[in-house]
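Trainee: Please take me through one part of this model up close. After that, I would like to see how the rest is put together.

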Amino acid sequence: MKILVIFTGGTIGSTLSDGWISPDSSARYKLIDTYKQNNGDGVTFVIRSPFSILSENLSAATLSALSNEVLDALNEDFDGIIVTHGTDSLQFSAAALAYATGNDCVPIILVSSNYPLDDPRANGNENFRAAVNFIENGCGRGVFVSYKNTNDTVAFHNALETVRHLEADDAVFSLNGKIYAKETSNGIQVVGESASCEKLEAKFAEFPCILAVESYPANSYSYPLDNCRAVILQPYHSGTLNTDSSAFIAFCERAKKMNVPVYAVNIPEGAAYESSKAFDELGIIPLINTTFASAYVRLWMQLSE
């Protein structure tokens, strides 16, 4: 069994020193050593590190470097690939790798940690061990996120269904709570389905000029659209937008006149609230059961071609 481990920094690749959490190249060896001490030497790990950053600093350049590193590795003889990554932009990198590979490949699992590995609260070693177990047992193909929430077992999330974190919370969840697999006392149990997706060229413009708009009361919607190439609206949790707002209506009309497409993510299937009746008239394109991160990354890649 041969697994490529791509270290990119993040908390799982950092240490705490003088009150600051910073990337530390020694952390990568600590992760591997801990795994071997607890599980033996049955797995051959190949280590690469195209960059080392805190994940809030993810950029077009680093996302391109990661995608190309993974695509090159898929031409080699690896049983799986583990990407260690920070939690802040985890969902964006997961989506990028899914689109870059078409989500039909040997397992690629993004692994993070809520605290540096020296901290007893850290879940990084468990997330990594579970990812190795997933690969060893052939539990699926495509791109996944391996993560253990507090007081839970490790879960595996489909890359394109992993939602952004709740405010000030390190927990990882899937859209509508539908995970792909979970770790049990009997091993990893697959409870969902993985799906292939359209394969896109791994290109990322430095600035894709996508306007992301969150929902909150009394928004003036006075956003400039002169250099904007697309708008992604982030509705309230029920998939609703304030279509009764004159400011919102005027914003949508401006976008329509300027030929700027307006998308709304996280729109559920089935019955919708009355406010959603105006979507078509306002030119809003609903993306059914689509996370913000996956929609943003897909547009980013398409606009970069």
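Mentor: Start with helix H7, residues 292–303. Tyr-296 and Trp-300 both lie in this helix. They sit 4 residues apart, which is about one turn of the helix. Keep in mind that this is a predicted model. Now look at the two rings. The ring centres of Tyr-296 and Trp-300 are 5.8 Å apart, and their planes meet at 65°. Planes over 60 degrees apart count as edge-to-face, so this pair is edge-to-face. Are the two residues buried or exposed? Both Tyr-296 and Trp-300 are buried.

Tyr-296 and Trp-300 belong to one aromatic cluster with Phe-92, Phe-204 and Phe-292. Find those five side chains in the view and follow them from ring to ring.

Phe-134 lies in helix H4, residues 124–136. Phe-144 lies in strand E7, residues 143–148. The pair therefore ties together parts that are 10 residues apart in sequence. Phe-134 is buried, with a relative accessible area of 0%. Phe-144 is buried as well, also at 0%.

Some rings have a charged residue over the face. Arg-121 lies over the face of Tyr-115, at 3.8 Å from the ring centre. Lys-2 does this with Phe-78, at 5.1 Å from the ring centre.

Next, the strands. Strands of a sheet pair through backbone hydrogen bonds, either parallel or antiparallel. Here, 8 strands form an open sheet with mixed pairing. Read the order across the sheet as E4-E1-E5-E6-E7-E8-E9-E10. Which strands are at the edges? They are strand E4 (44–48) and strand E10 (187–190), and each pairs on one side only. From one strand to the next, the twist averages 25°.

Zoom in on one pairing in that order. Strand E5, residues 80–84, is joined to strand E6, residues 108–111, by 4 bridges. The two strands run parallel.

Now move to strand E13, residues 262–267. Of its 6 residues, 5 are buried, so the strand is largely enclosed by the rest of the structure. Look at its pairings. Strand E12, residues 230–234, runs parallel to E13, and 3 bridges join the two. Ile-232 has Tyr-263 of E13 as its bridge partner. Strand E14, residues 284–288, also runs parallel to E13, with 4 bridges between them. There, Ala-264 has Pro-286 of E14 as its bridge partner.

E12, helix H5 (residues 246–257) and E13 make a right-handed β-α-β unit. Trace it in the view from E12, through H5, to E13.

Turn to the loops. Ala-168 lies in the loop between strand E8 (154–158) and strand E9 (181–184). Its phi is near 55°, a positive value in a residue other than glycine. At 92% relative accessibility, Ala-168 counts as exposed. Ala-218 also has a positive phi, about 65°, although it is not a glycine. Ala-218 lies in the loop between strand E11 (210–214) and E12. At 79% relative accessibility, Ala-218 counts as exposed.

Last stop: Pro-23, which has its place in strand E3, residues 20–23. Pro-23 is partly exposed, with a relative accessible area of 34%. Which residues does Pro-23 touch, not counting those up to four places away in sequence? They are Gly-13, Ser-14, Ser-52, Ile-53 and Leu-54. For a sense of scale, take Ala-94, which is 71 residues from Pro-23 along the chain. The C-alpha atoms of Pro-23 and Ala-94 are separated by 20 Å.

Now go back to H7 and look again. Tyr-296 and Trp-300 are edge-to-face, buried, and part of the aromatic cluster.

Key:
Residues are numbered from 1 along each chain as its sequence is written. This is a predicted model: local features need pLDDT of at least 70, side-chain atom pairs count only at pLDDT 80 or more; totals for chains, interfaces and linings use all residues. Side-chain values use heavy atoms; hydrogens and water are left out. Two strands pair if DSSP finds at least two bridges between them. Axes are lines fitted to C-alpha atoms, for helices over the stretch in contact, and angles run from 0 to 180 degrees between N-to-C directions. Buried means under 20% relative accessible area, exposed over 50%, partly exposed in between (1.4 Å probe, protein chains only). A crossover is right-handed if, with the strands pointing away from the viewer, the path from the first strand over the helix to the second runs clockwise. Rings of Phe, Tyr and Trp (its six-membered ring) pair if their centres lie within 6.5 Å; planes under 30 degrees apart count as stacked, over 60 as edge-to-face and the rest as tilted. A charge sits over a ring if NZ of Lys or CZ of Arg is within 6 Å of the ring centre and within 35 degrees of the ring normal. Contact means heavy atoms within 4.5 Å.
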